[in-house]
Amino acid sequence: MGGKQSFPVVELPPNRVVVITGANTGIGYEAAKWIAMMGATVIMACRSKERAEKAMQKIQDEFQVEKEKGTPAICKLEKLSMEFMELDLGSFKSVRSFIEAYRSSGRELHVLVCNAGVALVPFTKTEDGYEIMLQVNYLSHFIIIAHLLPIMRKSGEDCRIVLVSSDAHRACNFDLNTMNYSGDPEKFGRLDYYGRSKLYQIMQMHSMQKRLKGSNVSVNSLHPGMVDTEISRNFQDFHMMKAFNRVVRLFGQMKTPIDGALPIINAVVNPDLKGVGGIYFKSLEGGYSTAEARDETKQEALWKKTLEVLKDEIPDDLIQELEGKM
Ligand SMILES: NC(=O)c1ccc[n+]([C@@H]2O[C@H](COP(=O)([O-])OP(=O)(O)OC[C@H]3O[C@@H](n4cnc5c(N)ncnc54)[C@H](OP(=O)(O)O)[C@@H]3O)[C@@H](O)[C@H]2O)c1
């Protein structure tokens, strides 16, 4: 099976629809490939059509190779069921178009993997006025979840939301008054703000799981490990690379993208996780996030603040649904 077969391999029907953001490279690519090879329809929500189409072709080619090798437990399809949908998480306009396109496709949605992310970038403001890591990693995914949740609620049993977070949430300050950075760009704390965006995802997981408990939708988050992907393209400057290398030395060897994708694949396909949510996965086991991430008062403060910040993007009826009141 190419890499180690350490995630459960299950047969998925082609009418099980899995959306993965940022699936054209890195961890998302490997997750998309193996989930599609188990038979599901995978929608790659990516900002570049060209990169996504190249990635889909590569996955189809790799599928043929796995078939020729006689890899057990991959699907019997002639060709994998994969599609591209355009999504730039750095633009609310693009997020709205993606949501609209998904809605008007009329299709069900069983799994939403919020994987796309940017890390440790210098201070950058988006066209919507938000610090880019806050918007790409957290706010835009939050909007998509809010708008697609009603579709998931009507898509039958065992629907799942997976938030790809990071242990970088350990290295940040929780201060909602400075949620959107507006200070001196030279003094911008790249690790602090990356960590915050990842902390918010874990907190969102807890807040949502609490509200959706007992419904057909469960929410989990995870840390993929330190993985050798294109993520480091954002922090090639000397100072950040030095810090990064220090962290790598501290945590040991870098993982390969397939090893980094294991917790995503497991959270998406493991039959034992049907209806199970509220877990911060590290590899295939649940791990500990910080006490701050698990602090319910802070989770609720973030929830309230996020809905306030996104009031123009999420109408009241969708908030009711997010609150588990419909
Ligand atoms: N690698 C690690 O060590 C590590 C550790 C902890 C957590 N993570 C998390 O794992 C996730 C995947 O990271 P990775 O390591 O696979 O990184 P990667 O190789 O850089 O892939 C990131 C993906 O996100 C997409 N993306 C970035 N900005 C986007 C935007 N504005 N709109 C839509 N898509 C966008 C990228 O698309 P383009 O190709 O078009 O740029 C790419 O597909 C991230 O959430 C990251 O924070 C990674």
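These notebook entries record what I looked up in a predicted model of one protein chain.

**Entry 1. Ground rules**

I worked with a predicted model in which local features need pLDDT of at least 70 and side-chain atom pairs count only at pLDDT 80 or more, while totals for chains, interfaces and linings use all residues. Residues are numbered from 1 along each chain as its sequence is written, and side-chain values use heavy atoms, with hydrogens and water left out.

**Entry 2. The chain as a whole**

I began with secondary structure and found nine helices and eight strands in the chain. I took helices (H or I, at least four residues) and strands (E, at least two) as DSSP runs, numbered from the N terminus.

I then looked up the extent of the C-alpha trace, which spans about 55 × 50 × 35 Å along its principal axes.

Next came burial: 56% of the 326 residues count as buried. I used under 20% relative accessible area for buried, over 50% for exposed, and partly exposed in between (1.4 Å probe, protein chains only). The accessible surface of the chain comes to about 14,400 Å², and carbon and sulfur atoms hold 50% of it. These areas come from the Shrake-Rupley method with a 1.4 Å probe; for residues, only the protein chains shown count as cover.

I also checked contacts (heavy atoms within 4.5 Å). Among those between residues at least 6 apart in sequence, 78% join residues at least 24 apart.

**Entry 3. Charges**

I noted 41 positive and 41 negative side chains, with the centres of the two sets 3 Å apart. Lys and Arg count as positive and Asp and Glu as negative, whereas His and the chain ends are not counted. Each charge is placed at NZ of Lys, CZ of Arg, CG of Asp or CD of Glu.

Side chains of opposite charge can pair when their charged atoms come close. I applied the salt-bridge rule (a side-chain nitrogen of Lys or Arg within 4 Å of a carboxyl oxygen of Asp or Glu) and recorded a count of 19 salt bridges.

**Entry 4. Pairs in helix α2**

I first looked at K49 and E53, whose closest N and O atoms are 3.5 Å apart in a salt bridge. The two are four residues apart in helix α2 (residues 49–69), so about one helical turn separates them. K49 is partly exposed at 48% relative accessibility, and E53 is partly exposed at 39%.

I then found a salt bridge between E62 and K58, with 3.7 Å between the closest N and O atoms. These residues are also four apart in helix α2, about one helical turn. E62 is partly exposed at 22%, as is K58 at 45%.

Lastly I recorded the salt bridge of E66 with K69, at 3.6 Å from N to O. E66 and K69 lie three residues apart in helix α2, again about one helical turn. E66 is buried at 7%, whereas K69 is exposed at 53%.

Elsewhere I noted one network, in which salt bridges that share partners join K210, R211, E296, E300 and E323.

**Entry 5. S91**

I located S91 in the loop between β3 (82–86) and α3 (92–105). S91 is buried, with a relative accessible area of 8%. Leaving aside neighbours within four places in sequence, I found S91 in contact with E127, D128 and Q135.
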